Amino acid sequence: MSVANCALTRQGSTTTVRVEQMINICYQFKTETQNDLALPYAVTIDGKVLTEHARRPKVLGADRKIKLSVPTGSEVSLFLNSDSYPRFRNQPVFAVKAGYDDVLVNIKEQYGRLGHVKPVLSAPLYCESGNGKRTETYDAQLTGDIWATISHKYTREEADSILPRSLLPAIRSSILEIYTGLDQPSMLIEIIAQGDKSAKTMQIIWAAGFDENVRKNTSYCPLLSEVLPRTHPLAYASLLAEAYQAGVTKLSLSSGWRPMFGSIVHRSGRGLDVNIIGDDMQEFKMKRTHAFASVNKETGKARSDPPASNSSNGKQTTDSKVPGSIASGATKDLRTRKQDGKEPEVMQRLRDNLHSNNAIDQIFDPWFMDVNTHDKVTPQPNMQRTQIETKHSDHLHITISDECLL
Ligand SMILES: [Zn+2]
């Protein structure tokens, strides 16, 4: 929309003077690593976050667009990913100043080590729209380095303020060291005797491939100082606290924050993966090596062939949503998953504990899938049929809640 007045010049002719104009600005995202990526964002206009984004970021919708209408002269920029959470918002990106033409900013994800690409807009192209109007068009890239910029790196002080006070002192101090900067990708946590539990040592190892996606897509992002602190402190806290309670003495972590693979969960630092788990007795590399022995609930007998459907309505699912059947009780029905004899006992104990942790929203592993740990839907056997099931054939994944960031 534009508003214009006619003014009389000294020579007696009239001229059109633009006194106010509203400019349409559209940011359009092409996130090729995952087309429907649920990217959180908050918009600033002249340095002030929009009221509707103040308490909580929005999430990019199916049209992949952020549409705005702002007065000429306004400067617009975006906070993206975990940097869009109200507590952070340190890295405004893709700033543009509204002139007299509408603006289209095309932002396209780009693989590779492209450290020279910055989250700023270069010279625009002008596209005539036929009615005398033009659109100022910018092409911008969303690289792994820019993902690192918009992925919050937690400080030791922030971690200290986020970690629960109930955490065992040895676990708390070890996690704080992650945010100070470890000097090697492993740590030993010495825990003194607690009640009827004898003293324990937990060994935590970051596996060699933990930062593989980072190395492929960033120019400089060292594992210990830049990658590990981009995973949320609660992810480490929830996993390690529950692992200790389950008698786990060894964990190998295979992925955490990563810029350009999978859902927003890992990109925003809310996901943590485990590929090896051990207790005093044995150590397991997680891997589904046999057909899942599902249970006939009526007869109680196990059968080796999976049922035709893994959903309650008989339809086979092909998307990334994990369906479930409704448990009859007030709490989740966890009985069926005790039937798979090939699952390590320590894994069962750990999953039980993770389920009881309020900070954890999702648990996926080679044996069971739970897309929402807070509902009453029974965790579904991992039947290795959908993409999300096969992706979790060799590791345990947890997603933690981000409510504490508000
Ligand atoms: Zn994961």
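Helices here are DSSP runs of H or I with at least four residues, strands are runs of E with at least two, and both are numbered from the N terminus.

A quick word on the model. It is a predicted one, where local features need pLDDT of at least 70 and side-chain atom pairs count only at pLDDT 80 or more, while totals for chains, interfaces and linings use all residues. Residues are numbered from 1 along each chain as its sequence is written.

Back to helix 6. It has 13 residues and reaches 18 Å from its first C-alpha to its last, close to the 18 Å expected at 1.5 Å a residue; that expected span is 1.5 Å times one less than the number of residues.

Is helix 6 enclosed or open? Of its 13 residues, 12 are buried, so the rest of the structure largely encloses it. Buried means 20 or more other C-beta atoms within 10 Å of a residue's own, exposed means 12 or fewer, and partly exposed is in between, with C-beta atoms placed from the backbone. Among the buried ones are Pro233, Tyr236, Leu240 and Glu242.

Now the largest nonpolar core, which has 77 residues. Such a core is a set of buried Ala, Val, Leu, Ile, Met, Phe, Trp, Tyr and Cys residues joined through C-beta atoms within 7 Å. Helix 6 (residues 233–245) gives the largest share, 9 residues. Domain 1 (23–149) and domain 2 (153–406) both contribute, so the core lies between them; those bounds come from an automatic or database domain assignment.

Ile175 is one of the residues with the most contacts inside this core. Leaving aside residues up to four places away in sequence, Ile175 touches Ala159, Leu163, Pro233, Tyr236, Ala237 and Leu240. Contact here means C-beta atoms, placed from the backbone, within 7 Å.

On to the strands, which pair if DSSP finds at least two bridges between them. Strand 12 (residues 186–191) and strand 13 (residues 200–206) are antiparallel, with 6 bridges, and Ser186 sits opposite Ile205. Strand 13 also runs parallel to strand 14 (residues 250–255), over 4 bridges, with Gln203 partnered by Lys250.

Finally, strand 10 (residues 125–128) pairs with strand 11 (residues 134–142) in the antiparallel sense over 4 bridges. Together they form a hairpin with 5 residues between them, and Gly130 in the turn has a positive phi of about 95°. Leu125, in strand 10, is exposed because 11 other C-beta atoms lie within 10 Å.

Technical notes:
Contact = placed C-beta atoms within 7 Å.
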